[in-house]
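Hi,

Here is the structure I promised to pass on. Have a look at it first, and my notes follow below.

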Amino acid sequence: MDNVIEIKEWYKETLAHRVIDSLEKNNMTAFYVKTGEEARERVLSLIPVGSKVGYGGSLSLDQIGVKDVLRAGNYHLIDRHKPQLTPEQKDDLRKESLLADVFLMSTNAVTMDGKLVNIDGIGNRVAALIFGPPKVIVVAGINKIVPDTEAARQRIKNYVAPIHARRLGLPLPCAETGKCLDCRSPLRFCNAVVTIEHQYQKDRITVIIVGEDLGL
Ligand code: SF4
């Protein structure tokens with residue numbers, strides 16, 4: 001039992017490298033780092049000082065603290081979480097993020113064959129992932145790895161969504177039942193389910209897989 005921690009580390013790294021090989025085949029760049037702290041440093045190393053940076057809502061990014069560093073540093077963070085912004089101003093910032101130099105986000109799932117699967121309510125996050133910013137950096141905890149796109153969909157609809165809804169106190173069916181009931185609520189936040197199967201431009205998307213659980 002004394003080397004079980006070491007063996008678990010080996011397993012996580014081996015698993016991550018299988019996914020990285022798949023992501024590379026899909027024309028994305030990918031790295032493995034062991035900790036959230038290393039992930040933050042790797043993200044920062046990829047963003048030139050002075051860059052205009054947009055982001056998608058993400059617990060993972062909050063956990064690694066990268067936005068705080070960007071706020072304090074010499075970057076132009078398109079920050080829609082500043083206090084006292086009106087809904088219209090937030091919407092303008094969402095649009096401005098599509099023109100950022102760099103867009104940061106996590107992913108709801110990454111498959112063993114190197115696909116990124118994400119849900120979105122408004123669509124700004126997946127829009128930037130698909131097109132706009134010339135550089136997109138995705139931070140994914142090891143917990144986001146799933147076998148395939150069907151497992152990704154199951155994870156998102158029957159695990160991520162119920163927890164997210166309950167965490168925010170949203171009166172949605174999944175927050176009560178723990179599974180998706182394909183609701184028509186105006187608060188529904190899974191209006192778009194987007195799979196990135198391949199990138200048109202090599203190295204536009206960089207995925208950093210972290211050997212820790214991050215986000216949901
Ligand atoms: S469709 Fe409705 S019930 Fe299903 S995951 Fe989305 S918000 Fe929840």
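A quick definition before the notes: axes are lines fitted to C-alpha atoms, for helices over the stretch in contact (C-beta atoms, placed from the backbone, within 7 Å), and angles run from 0 to 180 degrees between N-to-C directions. Bear in mind that this is a predicted model, where local features need pLDDT of at least 70, side-chain atom pairs count only at pLDDT 80 or more, and totals for chains, interfaces and linings use all residues. Numbering starts from 1 along each chain as its sequence is written.

The chain has eight helices and 10 strands; these are DSSP runs numbered from the N terminus, helices being H or I with at least four residues and strands E with at least two. Six of the strands make an open, parallel sheet, ordered β1-β10-β7-β4-β2-β3, where pairing takes at least two DSSP bridges between two strands. Its edges are β1 (29-33) and β3 (76-77), each pairing on one side only. β3 runs parallel to β2 (residues 52-55) and is joined to it by two bridges; V53 has L77 as its bridge partner in β3.

Helix α1 (residues 4-25) lies across β1 and β10 (205-210), at about 170° to β1.

Now the ligand: 14 residues surround it, the closest being A161, C174, C180, C183 and C190 (near means a C-beta atom, placed from the backbone, within 6 Å). α7 (149-167) and α8 (173-177) each supply at least two of the shell residues, and α7 has the largest share, with three.

Cheers

Key:
Contact = placed C-beta atoms within 7 Å.
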